[in-house]
Amino acid sequence: MTDPLGRHWRQPSDIREAPMDDKHVLLTRRQIAGLPEYSSSYPSGTYDGKCWMRANDGVRYLCWYQPHPTPGKIGIGHRVILEI
């Protein structure tokens, strides 16, 4: 995470190196366990690179805040988690 506020957020330090394509991300059990879960809300403190896990209908997703093309807004990226 590049934002200084990220020092207070707990997420796996190697999460950005996880292999992913445009639909899926491969995470280890350790990485999955290190992600905070927000299945019915969103984490506060919106800054680029902040990651969390969301579960919906039995499917787990890696989610993260990312830049948005509109100034003053933040985007949310996501991929289906495949455990390796």
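**Views of a predicted model**

**Figure 1. The elements of the protein.** The protein has 1 helix and 4 strands. The model is predicted. Read from the N terminus, the elements follow the order β-α-β-β-β. The radius of gyration is 12 Å, close to the 12 Å that the globule rule gives for 84 residues, so the protein is as compact as a globular protein of that length.

**Figure 2. The box around the C-alpha atoms.** Taken along the principal axes, the box filled by the C-alpha atoms of the protein is roughly 35 × 25 × 25 Å.

**Figure 3. Contacts and burial in the protein.** Consider contacts between residues at least 6 apart in sequence: 37% of these join residues at least 24 apart. How many of the 84 residues count as buried, as a percentage? The share is 32%.

**Figure 4. The accessible surface of the protein.** This surface comes to about 5500 Å². Carbon and sulfur atoms account for 52% of that area.

**Figure 5. A nonpolar patch on the surface.** Three residues form this patch: Leu26, Leu82 and Ile84. Together they have about 260 Å² of accessible area.

Figure 6. Where is Ile84 placed? Ile84 lies in the segment after strand E4 (74-83). Is Ile84 buried or exposed? Its relative accessible area is 60%. The cut-off for exposed is over 50%, so Ile84 counts as exposed. Ile84 is also one of the residues in the nonpolar patch, along with Leu26 and Leu82.

How values were computed. Residues numbered from 1 in each chain as written. Predicted model: local features only at pLDDT ≥ 70, side-chain atom pairs only at ≥ 80, totals over all residues. Heavy atoms only, no water. Patch = residues over 30% accessible without salt bridge, like charges linked within 9 Å, V, L, I, M, F, W, Y side chains within 5 Å. Areas by Shrake-Rupley, 256 points an atom, 1.4 Å probe, with all protein chains shown as cover. Salt bridge = Lys/Arg side-chain N within 4 Å of Asp/Glu carboxyl O. Helix = DSSP H or I, 4+ residues; strand = E, 2+ residues; numbered from the N terminus. Buried < 20%, exposed > 50% of the residue type's maximum accessible area, 1.4 Å probe, protein only. Rg over C-alpha atoms; globule rule 2.2 N^0.38 Å. Contact = heavy atoms within 4.5 Å.
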